[in-house]
Amino acid sequence: MRETPDDLRRLQALLDASLARSTAHLRSIISSERTITAEQLTSVLTGMCTLALSTVTAKGEPRISAVDGHFLRGKWHFGTARGAAKARHLAARPAVSAAHLRGEDLGVFTHGTVEALNPLDGRPAADWPELLAYFQEFYGADTFDWERDVVYYRVHPSWMTVFAPDFDKLREAGAAGLPLLDGRG
């Protein structure tokens, strides 16, 4: 867990506000008994978590693809090739939706906008050196040219909610190193 107490407070406030302003239908599925706290969430979202990421084309058509998501300091981070279609979409229209699912045991749903962390022709984010060190340790420093080949993003969430009906099951699976792929764990 890389979150500070302030990160956890902000994330908890976001989770609470998002659920409170959701539809009655969603609140009937993601009730207080079937969600988890910010601290619990950050304890299960470790390492790489595959995200289904949605962007929008210039014609307003939705596009979805998978990215390696890393939940750091209470926000999703991901990268893609600078020449990827999603990089072009995000440069022009930074709104995204993302979902991380583990069968019926965990669903993290996020809407927000992205910030490019290492723009090719601009100033990198203040914490880019720290994030770059994390990504290079995770993927390998010599995997590719980190400045020219890939662009990394941080999602600034405006809405996020979590479906997790059994936190103990998530925690046990994580402790055992088991992926949760279906209801059997």
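Me: Which residues touch the most other members of the largest nonpolar core?
Reply: This is a predicted model, where local features need pLDDT of at least 70, side-chain atom pairs count only at pLDDT 80 or more, and totals for chains, interfaces and linings use all residues. Residues are numbered from 1 along each chain as its sequence is written, and side-chain values use heavy atoms, leaving out hydrogens and water. A nonpolar core is a set of buried Ala, Val, Leu, Ile, Met, Phe, Trp, Tyr and Cys residues joined through side-chain atoms within 4.5 Å; buried means under 20% relative accessible area (1.4 Å probe, protein chains only). The largest core has 31 residues, and the members touching the most others are L41, L45, W76 and M160.

Me: Where is H70, and is H70 buried or exposed?
Reply: H70 belongs to strand β2, residues 62-72. Its relative accessible area is 0%. That is under 20%, so H70 counts as buried.

Me: Which side chain makes a polar contact with the side chain of H70?
Reply: A polar contact is a pair of N or O atoms within 3.5 Å; within protein, one must be able to donate a hydrogen and the other to accept it, and residues adjacent in sequence count only if both atoms are side-chain atoms. For H70 the distance is 2.8 Å. The partner is Y139.

Definitions and conventions:
Helix = DSSP H or I, 4+ residues; strand = E, 2+ residues; numbered from the N terminus. Buried < 20%, exposed > 50% of the residue type's maximum accessible area, 1.4 Å probe, protein only.
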